[in-house]
Amino acid sequence: MAPTLSAPAAVPGSQVLAYGAARGDLVVPNDDLVGPIDSSDEWIRQRTGIVTRTRASADVGVEDLSLAAAKEAIERSGIDLETLDAIIVSTISFPYPTPSLATLLAGELGRPDVIAYDISAACAGFAYGIGQADALIRAGSARNVLVIGAEKLSDFVSPTDRSISFLLGDGAGAAVVGPSETPKIGPTVWGSDGDNWSTIRMTGSSLDFRDGKAEWPTLEQDGRTVFRWAVWHTAKKIREMLERSGIGIEDVDVFVPHQANMRIIDELAKQLKLPEDVVVGRDIAETGNTSAASIPLATHRLLAEGAAESGDVLVQFGFGAGLAYAGQVLILP
Amino acid sequence: MAHTENEILEGLAEIVNEETGVATEDVKLEKSFTDDLDIDSISMMTIVVNAEEKFDVRIPDEEVKNLATVGDAVKYIEGAQN
Ligand SMILES: CC(C)(COP(=O)(O)OP(=O)(O)OC[C@H]1O[C@@H](n2cnc3c(N)ncnc32)[C@H](O)[C@@H]1OP(=O)(O)O)[C@@H](O)C(=O)NCCC(=O)NCCS
């Protein structure tokens, strides 16, 4: 007979303890980008709500942005660094497929021994990471988990691409997640749509580039397909998420969807019949779309500006390449 | 239950009003979405998504660019119901 194995004791819930944020050091206005794509400041503002995006200087890497955000989140959380058990980084722009950015950060943060790995879920990545952190903690597999969404997308855009490049910015957002007596992170609603694998894509593979068959691979997308999916599918999933979290739309204080396009944000608010007094994350206007970093950056901003407060009910939802999506209802630290 | 042309026009006018603030009585069959009603490509997408839901039809993206006037959209939705 096989022996009975012991498993870690389950923990009732998890919570976000603190956030950290780092944006690219350069503020890039629309006018700097419109020339090669035959666009205009007005067109971009009207269609996307973006006025500027932040991008990082050549000598600032995605690892630098990540480290700055991570340090702030850890410091604000007040945890003893020895109780940090895992680092999960969501990124599509760390230029090394291996080793992971998470293991690099583990060393830099003075905890080279922790569980550390990267995930690739693009703009849904931060919410994927929070879902994993919540599961690790509740299963008793980790005490505190550092989740980071970090991108330096400016390395993977083409100045002549009209489909996506002008939307994108650089930044990193981090959260420390820890145990809680009661759940302060609701069930993660997540998934993907593999039939739309190529709806948001790279122009080529690194092998194509090596073999001279493609230019340096950059991002491109079928914007209309993404827009329609983002509005229609996301609203449905958010409704499902509220139900599974046991709350109604009237209980929501703060709404932070992925900062993809202000018009998507507005339309989601409309579809969800979000009450007027709900605070909505609109960091995209100044920061642009920073993919995996956009949700924690927008949330961090609302907390820093006092628009959102500790104890508020936050609805967050990421969606993007894959087409992967994920979200949670959570109580703000 | 299939909607009549009039019901579709009324429903569409409500959607256009919700999405863009254009008065429902201005949403007439002969009006062009872009030239007369000043609706941009993004608002057009949100109108289409809402119309799909309301009338239980599929309006593929390739079709949307053929829907120049309100009448084009009404006709398309009417045909797509069956
Ligand atoms: C990218 C996006 C802003 C494009 O807007 P759109 O309204 O769908 O654009 P379309 O491709 O339908 O083009 C509409 C018109 O704008 C023009 N256009 C397209 N891109 C343009 C640009 N970057 N600048 C100026 N004009 C542009 C087109 O040529 C077309 O002109 P025409 O009507 O004279 O033919 C929009 O589709 C979008 O935001 N989608 C969601 C994408 C997203 O959020 N992705 C990130 C997910 S992580």
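Residues count from 1 along each chain as its sequence is written, and chains are lettered from A and ligands numbered from 1 in the order in which they are written. Since the model is predicted, local features need pLDDT of at least 70 and side-chain atom pairs count only at pLDDT 80 or more, while totals for chains, interfaces and linings use all residues; side-chain values use heavy atoms, with hydrogens and water left out.

Chain A has an open sheet of five strands with mixed pairing, running β1-β7-β6-β4-β5. Helices (H or I, at least four residues) and strands (E, at least two) are DSSP runs numbered from the N terminus, and two strands pair if DSSP finds at least two bridges between them. In this sheet β1 (13–23) and β5 of chain A sit at the edges with a single partner strand each, so one side of each has no neighbour in the sheet. From one strand to the next, the twist averages 15°. Strand β4 (residues 84–90) of chain A runs parallel to β5(A), and five bridges hold the pairing; A:Ile87 has A:Ala116 of β5(A) as its bridge partner. Packed on this sheet is helix α2 (residues 62–77) of chain A, which touches β1, β4, β6 (144–152) and β7 (170–180) of chain A and makes about 135° with the direction of β1(A). Contact here means heavy atoms within 4.5 Å; axes are lines fitted to C-alpha atoms, for helices over the stretch in contact, and angles run from 0 to 180 degrees between N-to-C directions.

There is another open, mixed sheet of five strands in chain A, in the order β8-β14-β13-β11-β12. Four bridges link β11 (residues 254–257) of chain A to β13(A) in the parallel sense, with A:Val256 standing opposite A:Gln316 in β13(A). Helix α4 (residues 125–138) of chain A packs on this sheet against β8, β13 and β14 (324–331) of chain A, at about 60° to β14(A). Helix α9 (residues 294–305) of chain A packs on the sheet too, touching β11, β12 and β13 of chain A at about 150° to β11(A).

As for the two chains, 18 residues of chain B are in contact with twelve residues of chain A. Together they bury about 1,400 Å², 46% of it on carbon and sulfur atoms; buried area is the accessible area (1.4 Å probe) that two parts lose on being put together, summed over both. B:Ile42, B:Met45 and B:Val49 supply 40% of what chain B buries against chain A, more than any other three residues.

On a 1 Å grid over the protein atoms alone, a cavity is a set of points where a 1.4 Å probe fits but cannot get out, a pocket is an open set with protein on both sides within 12 Å along at least five of seven lines, and lining residues have an atom within 4 Å of a point. Grid points are joined across faces, edges and corners, and a volume is the space filled by probe spheres set on the points. The largest pocket holds about 980 Å³. Its lining has 29 residues, with A:Thr91, A:Ile92, A:Ser93, A:Ser120 and A:Met202 nearest the centre, and β9(A) gives the largest share, three residues. The second largest pocket holds about 640 Å³ and has 35 lining residues, among them A:Ser163 and A:Phe166. Elements giving two or more residues to this lining include α6 (223–245) of chain A and α2 (41–55) of chain B.

Finally, the backbone. A cis peptide bond joins A:Thr98 and A:Pro99, with omega about -10°, and A:Pro99 lies in the loop between β4 and α3 (101–108) of chain A. The bond from A:Gly322 to A:Leu323 is also cis, omega being near -20°; A:Leu323 is in the loop between β13 and β14 of chain A.
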